[in-house]
Amino acid sequence: FEEKFAKLAIRTERHAQRYTPLYRRVMGERFGQLPKPVQEMHDIVGDATAEGSAEVTRGTSLLARVIAAIIGFPSAGTHTVRVTFDESDGKETWIRDFSGLRFSSELSQVGDKLVERFGPLRFYFDLPSNVHGLEMQMRKWSMFSIRLPMFLAPRSIAKETADGEDFLFDVRIGLPLIGNIVHYHGRLRRV
């Protein structure tokens, strides 16, 4: 078209816009202080995959088992883990596969918060970090876009660190009055 436009009073320009991955956008300059394996795990543009292993423990009460089953959390034991990441339109879908059992969530940014969505539930996190890694600290949550009280919120402790070239994760999820739902920790490497 440039050749055709040259004879007219039409000007063309090209702009290349580089995509900034989700965690880099949310964390800003702090992202560069993270250990290299943590940075690499979150530098997602398009599709990516990571593989590794995990140990899982589950809550033993009937309610904890039912909730874990509904969400699709893995059974207790040692698992091979494969995580696929699909980035599209500034959002990331994480599909976690623990020895063939899959569960997924969508991550996005709202203001300065990382938001993780499981169906109608949305969890809003701060990402405090240092040279050792980052934590996900829940600040609010909602269901069907209705904000819910924090005293009813799941108790989530999630940490990401590194060991050599490996990305380490440690996630505990529990509920008030019910206790532990699931705890999974392990290591991954991008493939």
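Q: Before we look around, what do buried and exposed mean here?
A: Buried means under 20% relative accessible area, exposed means over 50%, and partly exposed lies in between, using a 1.4 Å probe and protein chains only.

Q: Thanks! What kind of model is this, and how are residues numbered?
A: This is a predicted model, where local features need pLDDT of at least 70, side-chain atom pairs count only at pLDDT 80 or more, and totals for chains, interfaces and linings use all residues. Residues are numbered from 1 along each chain as its sequence is written, and side-chain values use heavy atoms, with hydrogens and water left out.

Q: OK, is D89 buried or exposed?
A: D89 is exposed, with a relative accessible area of 75%. D89 also has a positive phi of about 55°, although it is not a glycine.

Q: And L177, what is its phi?
A: L177 has a positive phi of about 70°, and it is not a glycine either. L177 counts as exposed too, at 93% relative accessibility.

Q: Switching topic, how much space is in the largest pocket?
A: The largest pocket holds about 730 Å³. A pocket is an open set of points on a 1 Å grid over the protein atoms alone, where a 1.4 Å probe fits, with protein on both sides within 12 Å along at least five of seven lines. Its volume is the space filled by probe spheres set on the points, which are joined across faces, edges and corners.

Q: Which residues lie nearest its centre?
A: F73, E116, F118, I173 and Y184 do, out of 37 lining residues; a lining residue has an atom within 4 Å of a point.
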